[in-house]
Amino acid sequence: MQIAEVLRQRIRSRDLVPGSLMPSEAALCDEFAVVRNTVRRALATLEDEGLIETLPGKGRVVRGEAPTQYEYRRIAADLRDRIERGELTIGDPLPSEAAIVESYGVARGTARQALAELEAAGLVEKQHGKGRFVRTRPQIG
């Protein structure tokens, strides 16, 4: 978490600018005196937050500043709003992880986290092999 926070601050302060390559895993291991798995977890956190992305054949690239809230929370709020408005009603399927990835331009882990937040709130239930479905309508106000 500490490594992710240091890198997050470098992105916010523009020490790492959008479009630039992130330092290599090896360089980060040397800088922070940690093993590669620790660095990978920190980088995965930043990717889930939408701050960096992995480009095949290029490496990890800075996407830009952190949104005002984590992307998964924004997605969960959007889906919750659709349920509250009645656009999605009890028993309706939610968009798949792949559909969320496509429509919001986020990593699969971010989509999964948004759906998990709705499950934890009791709004959605997961049916193995079938997807996630609206479980109940939230109380408004």
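This briefing describes the salt bridges and nonpolar cores of the structure above.

The model is predicted: local features require pLDDT of at least 70 and side-chain atom pairs count only at pLDDT 80 or more, whereas totals for chains, interfaces and linings use all residues. Residues are numbered from 1 along each chain as its sequence is written, and side-chain values use heavy atoms, with hydrogens and water left out. A search of the whole structure finds 14 salt bridges, each defined as a side-chain nitrogen of Lys or Arg within 4 Å of a carboxyl oxygen of Asp or Glu.

- The side chains of R74 and D78 form a salt bridge with an N to O distance of 4.0 Å.
- Both residues belong to helix α4 (residues 71-84) and stand 4 residues apart, about one turn of the helix; helices (H or I, at least four residues) and strands (E, at least two) are DSSP runs, numbered from the N terminus.
- R74 is partly exposed at 29% relative accessible area, and D78 is partly exposed at 31%; buried means under 20%, exposed over 50%, and partly exposed in between (1.4 Å probe, protein chains only).

**Salt bridges around E97**

- R112 and E97 meet through their side chains in a salt bridge of 3.1 Å, N to O.
- R112 lies in helix α6 (residues 108-120) and E97 in helix α5 (residues 97-104), so this pair ties together parts that are 15 residues apart in sequence.
- R112 is partly exposed, with 40% relative accessibility, whereas E97 is buried at 13%.
- E97 also forms a salt bridge with R132, at 3.6 Å from N to O.
- That pair links distant parts of the chain, 35 residues apart, with E97 in helix α5 and R132 in strand β4 (residues 131-134).
- Both E97 and R132 are buried.
- Through shared partners, salt bridges join E97, R108, R112, E119 and R132 into one network.

**Nonpolar cores**

- A nonpolar core is a set of buried Ala, Val, Leu, Ile, Met, Phe, Trp, Tyr and Cys residues joined through side-chain atoms within 4.5 Å.
- The largest nonpolar core has 16 residues, of which I75, L79, L94, I100 and L118 touch the most other members.
- Helices α4 and α6 each supply at least two residues of this core, and the largest share, 5 residues, comes from α4.
- I75 touches I100, Y104, V106, T110 and A114, not counting residues up to four places away in sequence; contact means heavy atoms within 4.5 Å.
- Another core, of 15 residues, lies apart from the largest one and includes I3, L16, L51 and V62.
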